[in-house]
Amino acid sequence: MAHVPDDVEPRDLDKVARGELKTLSKENADWVAKHLVMAGRLIEEEPEEAHKHALSAGRRAGRIGVVRETIAITAYTVGDYALTLRELRTYRRITGRDDQLPLMVDSERGLGRPERALELGRSVDVSTLAPAVRVSLAIAMSGARLDLDQPDAALGELEIPQLDRRRAFEYSPALFDAYATVLEDLGRDRDAEEWRTLAERADAALEAHHGDDDRETVEVVEEELELDESWTAEDESVPLEEPAADDVPETDGAAALDGEPVVDGGPALDEEPVVDEEPAADEQPVPADESAGDDEPVTDDEAEHRG
């Protein structure tokens, strides 16, 4: 059983995630919340321990969307792509959400199935996805194309409206960097270097203007960055003047931004430990000899690392 430090409190968990636990008894909800908190705390430095906490939460609350999502994400970090896919399929059924589709596509890649990854990625209308999710999906689809030795198609997957070198959203550095990687594969080293530089500038600009837990949209091609003074949190993006032609690299595929704000499509992995080790009445643990189906919480025995 994964250990939860005494200083971990249920209230440490994100409010949205806590709201999903309201169908549980208070005692059980607190127990599950603490494990989710711990999963979030440990996922970067100790992914295997984070996964154990996620599995512990799954024994008590296997029919809660955020719990299945957390199990999937921690499984991905330890290379168990099959478990990631299974948990995210269940997460989609429970919540009706497609925000973790990029992780599903990447997991198919991890299992050596790039064709299935592309098929899965095309199964959803991308216009229904938040901009950040669209970008993550494009990057995953581009990776699948590279797996199939299709660099030109990989570049095309990334040429989406969010590939705007004049603005920086939270997702921009990763998108610019992925674009540079494909350009390198195509032997276009000069273009790749320019987009790599843009990725670095975008990251630095966002970091410089980061505040109140929200990254604003900023210009990435000027050395001295200034935000439009009329910008408010309600605006979709910061209106910026067109940069001079020699300020940006001339590279194919830079489309106009669709004007949508950054939306965080990541999992609610805020951290919380467990105190009560006894199973709660509303969620019984799965016996050790019983395999967890798509609608049942998983057990520690299923945490074998794959891929």
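**Entry 1: the main core**

A nonpolar core, as I use the term here, is a set of buried Ala, Val, Leu, Ile, Met, Phe, Trp, Tyr and Cys residues joined through side-chain atoms within 4.5 Å. I am working with a predicted model, so every value below is computed from that prediction. With that settled, I looked for the largest nonpolar core and found 45 residues in it. The residues with the most contacts inside this core are Leu21, Val32, Val67 and Val105.

I then picked out leucine 21 and listed its partners, leaving aside residues up to four places away in sequence. Leucine 21 touches Leu13, Ala29, Val32, Ala33, Ile64, Val66 and Val67. There is also a second, separate core of 24 residues, and Phe169, Leu175, Val182 and Leu198 are among them. I kept a general reminder beside this entry: in soluble globular proteins, nonpolar side chains tend to be buried together.

**Entry 2: the whole chain**

Next I stepped back to the overall make-up. The protein chain has 11 helices and zero strands, and its pattern along the sequence reads α-α-α-α-α-α-α-α-α-α-α. Of the 307 residues in the protein chain, 48% are buried. I also checked contacts between residues at least 6 apart in sequence, and 68% of these join residues at least 24 apart.

**Entry 3: leucine 24**

Where does leucine 24 sit? I found leucine 24 in the loop between helix H1 (15-20) and H2. Is leucine 24 buried or exposed? Its relative accessibility is 9%, so leucine 24 counts as buried, the cut-off being under 20%. I also looked at leucine 24 together with isoleucine 64: the two are 40 residues apart in sequence, and their C-alpha atoms are 9.3 Å apart in space.

H5 and H6 pack at an angle of about 150°, and their axes are 9 Å apart. That angle makes H5 roughly antiparallel to H6, since angles over 145 degrees count that way. Their crossing is left-handed. On the H5 side I listed Tyr81, Thr84, Leu85, Leu88, Arg89 and Arg92; on the H6 side, Leu101, Leu103, Met104, Ser107, Glu108 and Gly110. Sorted by class, the residues of this contact of H5 with H6 are six nonpolar, three polar and three charged.

**Entry 4: how covered is H6?**

How many of the 10 residues of H6 are buried? I found eight, so H6 is mostly covered. The buried residues are Leu101, Pro102, Leu103, Met104, Val105, Asp106, Ser107 and Glu108. The cover over the buried residues of H6 includes H4, H5, H7 and H8. I also checked what comes after H6 and found glycine 112, with a positive phi near 75°.

**Entry 5: H7 against H8**

The axes of H7 and H8 come within 9 Å and cross at roughly 150°. H7 and H8 are therefore roughly antiparallel to each other. H7 passes H8 in a left-handed crossing. From H7, I see Pro114, Ala117, Leu118 and Gly121 meeting Leu137, Met141, Ala144, Arg145 and Asp147 of H8. By class, the contact of H7 with H8 holds six nonpolar residues, one polar and two charged.

**Entry 6: H8, its loop and H9**

My last stop was the loop between H8 and helix H9 (151-158), where aspartate 149 lies. Aspartate 149 is not a glycine, yet its phi is positive, about 60°. With a relative accessible area of 65%, aspartate 149 is exposed.

The axes of H8 and H9 come within 8 Å and cross at roughly 175°. This crossing makes H8 roughly antiparallel to H9. Ala138, Ile139, Met141, Ser142, Arg145 and Leu146 of H8 make the contact with Pro151, Ala153, Ala154, Glu157 and Leu158 of H9. I counted the classes for the contact of H8 with H9 too: eight nonpolar, one polar and two charged residues.

Methods. Residues are numbered from 1 along each chain as its sequence is written. This is a predicted model: local features need pLDDT of at least 70, side-chain atom pairs count only at pLDDT 80 or more; totals for chains, interfaces and linings use all residues. Side-chain values use heavy atoms; hydrogens and water are left out. Buried means under 20% relative accessible area, exposed over 50%, partly exposed in between (1.4 Å probe, protein chains only). Contact means heavy atoms within 4.5 Å. Axes are lines fitted to C-alpha atoms, for helices over the stretch in contact, and angles run from 0 to 180 degrees between N-to-C directions. Helices (H or I, at least four residues) and strands (E, at least two) are DSSP runs, numbered from the N terminus. Angles under 35 degrees count as roughly parallel, over 145 as roughly antiparallel, 65 to 115 as roughly perpendicular and the rest as oblique. A crossing is left-handed if the near helix is turned anticlockwise from the far one by less than a right angle, and right-handed if clockwise. Ala, Val, Leu, Ile, Met, Phe, Trp, Tyr, Cys and Pro count as nonpolar, Asp, Glu, Lys and Arg as charged, and the others, Gly among them, as polar.
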